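Reader: Good morning. Could you guide me through this model, beginning with one residue and then moving on?
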Amino acid sequence: MFQKPRPSWSSSTTGQIISTWDFVSRLRSITVGAKRIFRYCDNIYDVLEKLILIRDLDPADFFDGHLVFRNLTTKEYVRGDAIKKVPNIPDMSWRRPLRLEFEHVLYIRTTWSSNPSLGYRYDGPLQIHRGVWAGHRFDVTRIGRVVDEAGVAVDDWKDVTEEVLNEVVEIWERFVYMGQFFGLQNLDHTIGVSTSANGKFGEFYFRPMSAGTQLLRVLWNPDKDEKRVVVLPLDQAEGFLFPQESNESLSKGVLDQLSNEVLDMIYGQISDILDLISLMVTCQRYWEFGRRHLERVIEDSIVVSWDGDRLIFLGGNTTELEDLPQGMLTDSEVENIRSYSDEYGLSLEDALPIIQTRCRKLSSTTMDCMRPISSTSDFVSQFHLSSYDSETGLFRYGREIYKILEKLILIKDLDPADFFDGHMVFRNLTTKEYVRGDGITKAWDIPDKPWLKKMRFEHVLYIRTTWSSDPTLSCLYDGPLQIHQGIWAGHRFDVTRIGRVVDEAGVAVDGWKDVTKEVINEVMEIWEPEGLA
């Protein structure tokens with residue numbers, strides 16, 4: 001099939017051009033040189049903007065009765081002014097009226113799928129997923145091309161405006177809302193982590209959740225005698241020697257004459273990772289003195305830890321503070337959220353982060369490149385990125401330094417296999433209840449339930465932390481469990497060694513209660529209809 005030739009725009013700037021301003025803006029972007037110098041002076045672009053006129057459609061003309069939307073295949077049309085006359089229809093999902101737009105008209109008859117599930121469950125006779133106009137040809141044009149001056153259709157054109165609009169209105173008035181968007185919120189930490197859950201509950205919950213390993217890592221609470229970050233002595237890095245001239249020059253300097261106590265105080269005032277390491281790698285004495293300070297800064301400011309934080313898997317239709325779990329927020333937090341919401345018109349979802357109290361304490365130059373870090377390789381990779389100098393285009397240190405740091409800085413990470421092998425538990429610190437990791441793996445082998453092999457840690461977390469004032473979850477479960485009002489929503493959690501909740505004989509200690517079977521059964525109960533389907 002012959003295609004019209006297109007202008008040779010750069011692939012990086014290809015896009016829709018529908019106005020003079022679009023054209024001139026795009027022309028500027030593709031005429032910039034390697035040194036960020038434009039091929040033409042500003043006057044040229046100003047002149048082009050005045051002399052080249054690309055006519056655009058004014059959307060107001062469509063809705064004011066001057067234009068129609070035509071199906072060229074069937075010779076049918078819809079009048080734009082009729083769309084504007086349709087009254088606003090209440091929308092249950094967003095609790096505000098919907099105004100009919102042109103796209104509603106387009107999609108009502110062009111939607112096509114072999115699967116009738118559409119998210120919003122319409123329970124009427126229309127076969128929305130089999131649109132009668134799907135695959136047809138369309139345009140938008142002046143109304144005078146389909147009717148004469150008296151308003152009578154010409155050339156066999158048929159006005160289907162009322163018919164199409166009635167279909168749209170019928171769907172809006174009869175649909176059953178099937179879902180809302182959910183997201184995991186940490187009320188005590190500003191740094192997020194990647195999860196497998198983002199969207200409607202039923203669209204993600206019943207599939208494997210590989211990102212759960214990141215949640216396991218950030219929830220990990222090491223034993224009291226176990227250091228999360230260890231900076232090793234320099235002699236354990238084979239092949240690295242400080243330059244002799246560096247040691248000689250430092251021995252003659254003022255800093256080398258300072259007492260250990262004063263030098264220790266100087267290190268205590270440094271909170272920026274780049275500055276701290278820059279000082280430490282100057283000589284062996286500075287490295288040894290800086291070790292414990294570097295451990296402190298990394299653990300306090302970089303290694304992301306969610307242990308003991310309040311978590312809630314919040315639905316987007318929860319719009320009022322009164323809808324949140326009772327006691328989850330303090331009185332001062334409620335007051336802060338109300339004041340910000342009133343002053344800036346924030347939604348509850350946008351206002352909740354205001355109360356997050358823990359954040360990174362790094363300088364802005366370091367923070368710009370940081371992401372959640374839970375291992376040595378994560379740290380070295382991010383340190384390498386943060387030491388890039390955008391002005392020179394060079395990294396602050398040579399490759400040797402990064403290799404040394406990878407050998408000398410040990411950030412202990414949780415091995416997810418330990419969680420599923422029975423060495424660890426997921427604890428609710430608020431209720432003193434725990435779930436054994438091996439309880440999940442045992443469910444994988446339950447006969448006649450092969451779908452349970454998809455179950456992971458996140459399924460256990462979300463089954464009791466989901467919260468919304470709207471019970472619609474876009475899933476088939478219709479039993480007694482109130483999934484949308486999880487009894488653990490807003491509680492504090494961690495992942496730790498099983499020895500902190502049971503003794504050597506396997507008996508729970510210090511008031512801890514094993515709810516593994518109970519929670520796993522809840523996951524199985526809501527998964528049953530989906531698994532059978």
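Author: Asp494 lies in strand 19, residues 492-497 (strands are DSSP runs of E, at least two residues, and helices runs of H or I, at least four, numbered from the N terminus). This is a predicted model, in which local features need pLDDT of at least 70 and side-chain atom pairs pLDDT 80 or more, while totals for chains, interfaces and linings use all residues. Residues are numbered from 1 along each chain as its sequence is written, and side-chain values use heavy atoms, without hydrogens and water.

Reader: Is Asp494 buried or exposed?
Author: Asp494 counts as buried because its relative accessibility is 1% (buried means under 20%, exposed over 50%, partly exposed in between, with a 1.4 Å probe and protein chains only).

Reader: And which side chains have a polar contact with Asp494?
Author: The side chain of Asn221 makes one of 3.0 Å, and that of Arg427 makes one of 2.7 Å. A polar contact is a pair of N or O atoms within 3.5 Å; within protein, one must be able to donate a hydrogen and the other to accept it, and residues adjacent in sequence count only if both atoms are side-chain atoms.

Reader: Turning to strands, how do strand 1 and strand 2 pair?
Author: Strand 1 (residues 67-71) and strand 2 (residues 76-79) are antiparallel, over four bridges; pairing requires that DSSP finds at least two bridges. Arg70 stands opposite Tyr77 in strand 2.

Reader: What lies between them?
Author: Four residues separate the two strands of this hairpin, and Lys75 in the turn has a positive phi of about 60°.

Reader: Which strand runs parallel to strand 2?
Author: Strand 7 (residues 158-159) does, joined to strand 2 by two bridges. There, Lys158 stands opposite Glu76.
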